[in-house]
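Welcome, and thanks for taking a look at this model. Below is a short briefing, grouped by topic, to read alongside the view.

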Amino acid sequence: RLGNEVLAATRFKVLQGKRFGLITNPSGVNRHLDSTIDVLRAAPGVKLAALFGPEHGIYGDVPAGDKVENAVDARTGLPAYSLYGKTQKPTPEMLQGLDALVYDLQDTGCRSYTFSSTMGVAMDACGEAGIEFVVLDRPNPLGGDRIEGPMLEEKFRSGVSRWNVPYVYGLTCGELARMINGEGWIKHPCRLTVVPMKGWKRSMVWEDTGLPWVPSSPHVPHGKSPLYLVATGILGELMSVSTGIGYTLPFECVAAPGLDPHKLAAALNGYRLPGVKFQPITYKPYYFTFSNQVIGGVQIFLTDPAKAPLTPINFYALETL
């Protein structure tokens, strides 16, 4: 049971009598696909007063990297403030009159995803303003046992690499919030409340939860997508190969003009990586890297996700190429 479902089951106890804002996007739903926006608007004894949008906006309709603008949400009439544009940290004006700021976003468990940065920066703003920060906890779709990749190097600290955690950090958003607060990673530690899940086990990847997946961002369309994001996201940033973005398999491929799909598959399968199989593929991306070109390479199949070394796939592919 998700944090937002536990909140509802407790008759919204931690928010009773409070006026609050909500950081969310289309992934902020319960198991019945009811939006947290709508659930909280209808909840008795609480007052949802403002919306805050991360990268891609509250409706997920802004492309990756594009600035999100402040607006009045036409559907609810609430102010919809951007946390991914001119302002990334809620301003005192945005928080004025609020008792709390609530966070309900589905993260990917990978440090390079901007939602964890948005969460911590908003926590800092709440600490500075003296208001509560409430996290409605959600599963880490990679599971809670997987820890992979290097720690943050200070000179590379940014919005896609803000906290001192490994590339794959094995925490839920509620656990990460506690760590950010407790380790003093923000200047103004906040009054933090985490509404925990019930029934989640660290061994669970997303498909084990039985929950529906709503795309957390445009290129993370399925519950298995965070696994592939980790496997090729670093490689894709070099912009020298296609990882399937712009085709129907985002993050699931390694392909480029002039590559022999069968030779590449044979070379990568020769590493005998556990839980991973590389199959030859040919496709034409309709946008992004190598758009409208026929390219060849491999499609990645995770035959046993729990055993598959995800982050290293980037570097095995780089070495092979």
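Helices (H or I, at least four residues) and strands (E, at least two) are DSSP runs, numbered from the N terminus, and the expected span of a helix is 1.5 Å times one less than its number of residues. This is a predicted model, in which local features need pLDDT of at least 70 and side-chain atom pairs count only at pLDDT 80 or more, while totals for chains, interfaces and linings use all residues. Residues are numbered from 1 along each chain as its sequence is written, and side-chain values use heavy atoms, with hydrogens and water left out.

**Helix α4**

- Helix α4 covers residues 115–129, and at 1.5 Å a residue its 15 residues should span 21 Å; the C-alpha atoms at its ends are 21 Å apart, in agreement with that.
- How many of the 15 residues of α4 are buried? The count is 12, so α4 is mostly covered, where buried means under 20% relative accessible area, exposed over 50%, and partly exposed in between (1.4 Å probe, protein chains only).
- Among the buried residues of α4 are Phe-115, Met-119, Val-121, Asp-124 and Cys-126.
- The cover over these buried residues includes the strands β1 (19–24), β5 (100–104), β6 (132–136) and β7 (191–195), and also the helices α3 (92–95) and α5 (173–182).
- After α4 comes Gly-130, with a positive phi near 75°.

**Nonpolar cores**

- A nonpolar core is a set of buried Ala, Val, Leu, Ile, Met, Phe, Trp, Tyr and Cys residues joined through side-chain atoms within 4.5 Å.
- The largest such core has 72 residues, and those with the most contacts inside it are Ile-23, Phe-52, Tyr-103, Met-119, Phe-133 and Leu-302.
- A second, separate core has 20 residues, including Phe-20, Leu-22, Leu-48 and Val-195.
- With contact meaning heavy atoms within 4.5 Å, Leu-302 touches Leu-227, Tyr-228, Gly-275, Val-276, Ala-308, Leu-310 and Ile-313, not counting residues up to four places away in sequence.

**Pocket and cavities**

- On a 1 Å grid over the protein atoms alone, a cavity is a set of points where a 1.4 Å probe fits but cannot get out, and a pocket is an open set with protein on both sides within 12 Å along at least five of seven lines; lining residues have an atom within 4 Å of a point.
- Grid points are joined across faces, edges and corners, and a volume is the space filled by probe spheres set on the points.
- The largest pocket holds about 1000 Å³ of space.
- Its lining has 37 residues, and Ser-112, Val-160, Tyr-167, Gly-233 and Glu-237 lie nearest the centre of the pocket.
- Which helix gives the most to this lining? It is α7 (residues 225–236), with 4 residues.
- By class, the pocket lining has 20 nonpolar, 13 polar and 4 charged residues; Ala, Val, Leu, Ile, Met, Phe, Trp, Tyr, Cys and Pro count as nonpolar, Asp, Glu, Lys and Arg as charged, and the others, Gly among them, as polar.
- The whole structure has 2 cavities of 30 Å³ or more.
- The largest cavity has a volume of about 60 Å³, and its lining includes Leu-2, Arg-31, Gln-106, Arg-138 and Trp-213.
- The second largest cavity has about 30 Å³ of space, and its lining includes Gln-106, Arg-138, Tyr-169 and Cys-173.

**Individual residues**

- Leu-176 lies in helix α5 and counts as buried at 2% relative accessibility.
- The contacts of Leu-176 include Ser-116 and Met-119, as well as Trp-163, leaving aside residues up to four places away in sequence.
- Thr-209 has its place in helix α6 and counts as buried at 18% relative accessibility.
- Beyond its neighbours within four places in sequence, Thr-209 is in contact with Pro-139, Trp-200 and Met-204.
- His-222 sits in the loop between α6 (206–209) and α7, and is partly exposed, with a relative accessible area of 42%.
- Most residues other than glycine have a negative phi.
- Phe-12, in the loop between α1 (3–9) and β1, has a positive phi of about 60° and counts as buried at 8% relative accessibility.
- Phe-290, in the loop between β9 (276–283) and β10 (295–302), also has a positive phi, near 60°.
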